[in-house]
Amino acid sequence: DCNFRCSTEWIKSEFQPLFGGWTPFSRLDVFIDDSRTKIYGAYNYRVHWMWLERRYSQPLWTTFVRATDRVLIIGASAGYDAALLPLSVDHRNVDLVEIDPVVVGLFKSDPKLNGGLFARARVHVKDGRAYLDEYRGRPYEAVIVGSVDSPSRGLSSFSTTKAHLLTREGVRATLSVLAPDGTAVFTPRDVPSADNVMRALQAEGVPWRMILYSSRPFIPRRL
């Protein structure tokens, strides 16, 4: 199976092309399987996001979300994280922030691709950090900072998109939109980013815990 960062050469051998072109940031190729239940999005020929039709048990990191919670997901991509929310959650109370207008446009133009998720939730085409800094509405009971990455980054360079969300300032901005009894989830993909988040939470005096996942989705392991 394909994990994040696998090459589009593997994808091409197993999936059909759905979209190929340029976004404001970089090259984007989107592939779909024959059953139309699995979609991969690749920036600069490396997988950055996926969509899976929900057929799995709910992962640990979404079990805290209550049916009546107002939910914010930053780095929505195709809606992968939103699809894993408890089925009782009303998507009309969910805000999805995604920086790439091409990704949002693709799934809005054909809602069946991701189960009509973008038609049910509120979708904001915006940089995640800018959304946090400018937000003046009611606090959220749940905030999920997804596996955000700069699509223009190289494999050996540092992602500035990720950097400004997973620094102490980014963590503080996330906490600023969180309700007093709310919960925030950060999903960094590498050890340095995870260390940044943990240090920032400790500096803010916020209780936290870590959940470690294997490279394959939906197989949680607790630390």
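Let us begin with a single side chain and its surroundings. Apart from residues within four places in sequence, Asn-114 is in contact with Trp-51, Ala-78 and Phe-107. Please bear in mind that this is a predicted model. Asn-114 sits in the loop that lies between helix H3 (101-109) and helix H4 (117-120). Is Asn-114 buried or exposed? Its relative accessibility is 1%, and because buried means under 20%, Asn-114 counts as buried.

The buried residues of H3 are Val-103, Val-104, Leu-106 and Phe-107. These residues lie on the same side of H3, because the arc they cover around the axis is only 160°. In general, residues three or four places apart on an α-helix point the same way, since there are 3.6 residues a turn. At the start of H3, Asp-100 brings a side-chain oxygen to within 2.9 Å of the backbone nitrogen of Val-102.

I turn now to the sheet. Five strands make up an open sheet with parallel pairing, and their order is E7-E6-E5-E8-E9. Strand E7 (122-125) and strand E9 (178-186) are the edge strands, each pairing on one side only. From one strand to the next, the twist averages 15°.

Strand E8 (residues 140-145) runs parallel to E9 and is joined to E9 by five bridges. Within E9, Leu-178 is the bridge partner of Tyr-140. Finally, helix H7 (residues 168-176) packs on the sheet, where H7 touches E8 and E9. The direction of H7 makes about 140° with that of E9.

Note on methods
Residues are numbered from 1 along each chain as its sequence is written. This is a predicted model: local features need pLDDT of at least 70, side-chain atom pairs count only at pLDDT 80 or more; totals for chains, interfaces and linings use all residues. Side-chain values use heavy atoms; hydrogens and water are left out. Helices (H or I, at least four residues) and strands (E, at least two) are DSSP runs, numbered from the N terminus. Buried means under 20% relative accessible area, exposed over 50%, partly exposed in between (1.4 Å probe, protein chains only). Contact means heavy atoms within 4.5 Å. The arc is that of the directions from the helix axis to the C-beta atoms. A polar contact is a pair of N or O atoms within 3.5 Å; within protein, one must be able to donate a hydrogen and the other to accept it, and residues adjacent in sequence count only if both atoms are side-chain atoms. Two strands pair if DSSP finds at least two bridges between them. Axes are lines fitted to C-alpha atoms, for helices over the stretch in contact, and angles run from 0 to 180 degrees between N-to-C directions.
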